[in-house]
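Here is a short tour for anyone new to reading protein structures. Keep the picture open as you go, and look up each residue when its name comes up.

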Amino acid sequence: MALFLLGVALIVGKLLWRNAPGYGLEGEFQGSRVPPLQVHPLPATLQNWSQAERSPQSNDAATYLEDLEQLPIGGLIWTEFPVSVYLGDRQGLNLSTLPGQQYQNWQTAVRQSLESWTALIPLKETTDPDAADIRFYPRKPPLTLGLDRQIPRAAAARTTFRLRWQPVGDRPPEAVTLAQQFDIDLSPNLAPPHLLGTARHELGHALGLWGHSPFVDDVMYFSRTAEPQDISMRDRNTLIAQYQLPTRLGWPVPIKP
């Protein structure tokens with residue numbers, strides 16, 4: 001389940017439509033401006049996979065790109081690799097009552113999900129939660145009110161993100177880039193097959209597939225299935241298409257005095 005943070009939406013709206021400074025973003029500084037929409041080169045891993053695996057004679061080009069959400073920042077993609085991933089520690093989260101074996105199962109599922117995606121988007125595990133691009137936590141997502149003020153159904157997982165300015169180059173930096181950071185709450189109470197399937201699905205959101213597939217045989221299908229799906233050809237093709245969209249992320253913005 002993906003959740004777009006309302007605060008992020010409001011901040012980005014201010015920045016884009018009023019050309020305002022980077023107010024409200026982490027690492028705020030004076031004189032910053034959100035960069036225009038531009039297209040980054042396709043990551044080498046996606047380019048290599050596309051050339052090696054897709055056959056021009058087949059119908060391998062199908063995607064569900066039109067089902068993904070269109071965001072003011074453009075494509076929700078990564079531009080620096082490898083993308084760093086942090087696995088939340090149960091002690092640090094005051095989850096000491098979580099059984100050790102259950103936590104190990106959770107870790108195993110998350111790491112297997114990393115292995116599933118890393119051939120397409122390079123990933124590395126880190127022990128620094130502050131510097132991590134994506135942070136997994138072994139906890140059930142809290143119930144939150146939606147925009148309709150109705151309490152949603154309990155979810156086994158939830159992915160959220162925020163935007164922040166990151167320094168580029170020397171310190172003090174002469175430029176910054178607009179970047180994303182994801183938090184994924186993944187309940188450790190799921191049965192192992194569904195734990196892996198859900199971790200793989202939520203990680204897909206964090207890697208750029210911000211939305212759901214209407215096709216039941218895709219890992220990004222909008223609902224849980226009896227048998228969790230692997231990453232499909234259509235999932236891969238949609239990710240490739242997403243990384244060819246213009247975005248405001250990852251472009252250097254000079255810092256003005």
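Pro82 sits in the loop between helix 2 (44–53) and strand 1 (83–87). The model you are looking at is predicted. In it, the peptide bond from Phe81 to Pro82 is cis, with omega near 0°. For background, most peptide bonds are trans.

**Aromatic pairs**

- How many aromatic pairs does the count come to? The count comes to seven aromatic pairs.
- One of the pairs joins Phe161 and Phe182, whose ring centres are 5.3 Å apart. Their planes meet at 40°, which lies between the limits of 30 degrees for stacked and 60 for edge-to-face, so this pair is called tilted.
- This pair links distant parts of the chain, as its two residues are 21 residues apart. Look for Phe161 in strand 4 (residues 157–168) and for Phe182 in strand 5 (residues 175–186).
- Another tilted pair is made by Tyr221 and Phe222, with ring centres 4.6 Å apart and planes at 45°.
- Within that pair, Tyr221 counts as buried at 17% relative accessibility, because the cut-off for buried is under 20%. Phe222, on the other hand, is exposed, because its relative accessible area of 52% is over 50%.
- Phe161 and Phe182 also belong to one aromatic cluster, together with Trp78 and Trp210.

**Arginines over rings**

- Which residue lies over the face of Tyr137? That residue is Arg139, at 4.2 Å from the ring centre.
- Phe215 has an arginine over its face as well: Arg234 lies there, at 3.8 Å from the ring centre.

**A closer look at Gln242**

- You can find Gln242 in helix 5 (residues 233–242).
- Gln242 counts as buried, because its relative accessibility is 4% and the cut-off is under 20%.
- What does the side chain of Gln242 reach? The side chain reaches the backbone oxygen of Gly208, at 3.1 Å.
- Leaving aside neighbours within four places in sequence, Gln242 is in contact with Leu65, Leu68, Gly75, Leu76, Ile77 and Gly208.

How values were computed: Residues are numbered from 1 along each chain as its sequence is written. This is a predicted model: local features need pLDDT of at least 70, side-chain atom pairs count only at pLDDT 80 or more; totals for chains, interfaces and linings use all residues. Side-chain values use heavy atoms; hydrogens and water are left out. Rings of Phe, Tyr and Trp (its six-membered ring) pair if their centres lie within 6.5 Å; planes under 30 degrees apart count as stacked, over 60 as edge-to-face and the rest as tilted. Helices (H or I, at least four residues) and strands (E, at least two) are DSSP runs, numbered from the N terminus. Buried means under 20% relative accessible area, exposed over 50%, partly exposed in between (1.4 Å probe, protein chains only). A charge sits over a ring if NZ of Lys or CZ of Arg is within 6 Å of the ring centre and within 35 degrees of the ring normal. A polar contact is a pair of N or O atoms within 3.5 Å; within protein, one must be able to donate a hydrogen and the other to accept it, and residues adjacent in sequence count only if both atoms are side-chain atoms. Contact means heavy atoms within 4.5 Å.
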